[in-house]
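Load the model and switch to a cartoon view.

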Amino acid sequence: SRPDAAGQADTTKPPRWQCADVVIAEPPPEAIVEGLVWADTISVLVGASSAGKTFVLLDLAASVSAGLPWLHRGVIEGSVVYLGFEGHVGLRLRALREAGQWLKHLYIIRAGDPLSPVIDRDRAETPSRGERDAIRDLKQITTHVGDAGHPQVRLLIVDTVRASLAGSEDSSEAASAYLRAVRRIMAAAPG
């Protein structure tokens, strides 16, 4: 165990390091979409601009929302939050509904401000307005889902990284700061 701030042994936190055998023996994260998306992790869909990533993500979201397999992959049913930075998705949603997809547990947040934290010249990091808004909205949705007796939020989609990131996606500093913000947002809806 490690000492806490008062110099006492802190036995509540696991050590930062572990033997590989211990890590291997841990249960794997729960698969939200078999082989693609896991609880409490970040998965990334990469593709060329205008390749149809948004439609693919909304189709996947609809399958999770309905608890139906997606492209022959098992899913865990749950509510889905789509944090959209790419403008209007109504036509895509309408097309999915007309194709028979069930969208009852799919919630759309229309986002605008980047999620990347603000970093001052002293390297101090402050959550951005976009991050604060996303956390507030996600908490409201999580409360609504619980009050309505709907399945818990199981999937958060941010579309797209480029539109929600401040700075260059090729910058390791900008990408790292962005990922810290995304993890804080994810914490608003554990699982």
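Two strands count as paired if DSSP finds at least two bridges between them. The model you are viewing is predicted.

**The sheet.** Select β6, β5 and β9. These three strands form an open sheet in that order, with parallel pairing. β6 (106-110) and β9 (153-159) stand at the edges with a single partner strand each, so one side of each has no neighbour in the sheet. From one strand to the next, the twist averages 15°.

**The β5 pairing.** Now select residues 79-84, which make up β5. Five bridges join β5 to β6 in the parallel sense. Which residue of β6 stands opposite G84? Pick R110.

**The largest core.** Show side chains for V33, L58, V64, V80, L106, L155 and I157. They have the most contacts inside the largest nonpolar core, which has 21 residues. β3 (31-33), α2 (53-66), β5, α3 (90-98) and β9 each give two or more residues to this core. Which element gives the most? Colour α2: six residues come from there.

**Around L155.** Centre on L155. Leaving aside residues up to four places away in sequence, L155 touches V37, L60, A61, V64, S79, V80 and V81.

**The second core.** Finish with V81, I109, A134 and A189. They are among the 19 residues of a second, separate core.

Methods. Residues are numbered from 1 along each chain as its sequence is written. This is a predicted model: local features need pLDDT of at least 70, side-chain atom pairs count only at pLDDT 80 or more; totals for chains, interfaces and linings use all residues. Side-chain values use heavy atoms; hydrogens and water are left out. Helices (H or I, at least four residues) and strands (E, at least two) are DSSP runs, numbered from the N terminus. Axes are lines fitted to C-alpha atoms, for helices over the stretch in contact, and angles run from 0 to 180 degrees between N-to-C directions. A nonpolar core is a set of buried Ala, Val, Leu, Ile, Met, Phe, Trp, Tyr and Cys residues joined through side-chain atoms within 4.5 Å. Buried means under 20% relative accessible area, exposed over 50%, partly exposed in between (1.4 Å probe, protein chains only). Contact means heavy atoms within 4.5 Å.
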